[in-house]
Amino acid sequence: MLKPLPTALRYLVFAGSLFLLTDCAPRERLPPPFVLWAWERPEDLRFLGDQAEVAVQTGFVELAGDSLEARGRRFPLRVSRPPTTTLVHVQIDRAQTLVWTPRLRARTAQAVLHYANAAPTKRVQIDFEVRASERQVLLDLLSDVRRGLPRGTLLSMTALASWCDTEIWLDAAPVDEITPMLFRMQGGQALVRRLAKGGDFRNPRCRTALAISTDTPIVRVPPGRRIYLFNPHSWTSKDFEKTRREVGAWRARDGFGRFWRR
């Protein structure tokens with residue numbers, strides 16, 4: 001059963017969504033924005049103002065055998081302006097063997113779209129980590145969600161950093177953005193060293209966005225990326241400023257320093 005977002009929570013998340021936000025700054029002179037992930041915990045992000053965008057997790061879907069459980073966000077979110085991205089987390093119950101039937105495929109897409117469309121945003125992101133044998137499951141879901149999104153809505157996906165460096169199946173993903181995660185990596189030392197020396201991901205599709213975490217050392221962040229920020233705890237202004245300074249140091253070295261600070 002699909003469980004809706006509480007009415008009060010929807011109000012808190014998307015309060016002010018009727019306002020027209022206009023950015024008069026020259027876009028070519030500004031680096032891509034920071035995007036704070038608001039995961040499943042209480043979050044008060046009103047301190048951000050217009051310093052960063054917000055991606056809010058609005059849904060959780062777990063696949064178990066040939067069935068699923070789905071629910072909406074359980075914790076309050078307070079923002080000064082509407083989030084630009086809705087995120088739905090999908091995972092597989094490893095205690096049961098996944099049976100990817102046409103019925104389960106259709107129900108999964110329906111659940112993701114239900115929570116992704118909780119309120120209008122310009123981007124929907126799917127966070128779904130799969131094993132090598134489950135790649136087609138992810139591609140199926142992305143294709144179905146792509147078809148079900150309102151016209152003009154962008155589709156994003158998170159990805160293990162290794163997917164962007166050693167595998168080619170991502171080329172079949174029907175998405176506008178792939179976001180490699182530069183934290184909780186296993187066996188990614190060679191990639192980290194290459195990034196630190198000015199290198200990049202081998203797959204060009206992974207060069208528009210990336211994700212870093214407040215509790216992981218930040219190596220060089222290639223320029224020109226939308227940067228998603230993860231925090232294992234509720235966000236504070238101190239956490240945000242610290243991470244922004246660290247990223248800013250790399251941007252300055254890459255020639256963006258005079259533009260990223262306000």
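The count of salt bridges comes to 16 in this predicted model. Arg105, Asp140, Asp144 and Arg147 are linked in a network of them.

**Salt bridges**
- Arg105 pairs with Asp140, with the closest N and O atoms 3.5 Å apart. This pair links distant parts of the chain: Arg105 sits in helix H2 and Asp140 in helix H3, 35 residues apart.
- Arg105 is partly exposed because its relative accessibility is 26%. Asp140 has 11%, so Asp140 counts as buried.
- Asp144 and Arg147 form a salt bridge at 2.3 Å, N to O. Both belong to helix H3, three residues apart, about one turn of the helix.
- Asp144 is buried, at 12% relative accessible area. Arg147 is exposed, at 63% relative accessibility.
- Arg226 and Glu177 also meet in a salt bridge, 2.3 Å from N to O. Arg226 lies in strand E11 and Glu177 in strand E9, 49 residues apart. Arg226 and Glu177 are both buried.

**Helix H3**
- H3 covers residues 135-148, 14 residues in all. Its first and last C-alpha atoms are 20 Å apart, close to the expected 20 Å.
- Buried residues of H3 include Val137, Leu138, Leu139, Leu141, Leu142 and Val145.
- Their cover includes strands E6, E7 and E8, plus helices H2 and H4.

**Val35**
- Val35 is in strand E1, residues 34-38. Val35 counts as buried because its relative accessibility is 0%.
- Beyond four places in sequence, Val35 touches Glu53, Val54, Ala55, Arg226, Ile227, Tyr228 and Leu229.
- The C-alpha atoms of Val35 and Ala211 are 9.1 Å apart, with 176 residues separating the two along the chain.

How values were computed:
Residues numbered from 1 in each chain as written. Predicted model: local features only at pLDDT ≥ 70, side-chain atom pairs only at ≥ 80, totals over all residues. Heavy atoms only, no water. Helix = DSSP H or I, 4+ residues; strand = E, 2+ residues; numbered from the N terminus. Expected span 1.5 Å × (residues − 1). Buried < 20%, exposed > 50% of the residue type's maximum accessible area, 1.4 Å probe, protein only. Contact = heavy atoms within 4.5 Å. Salt bridge = Lys/Arg side-chain N within 4 Å of Asp/Glu carboxyl O.
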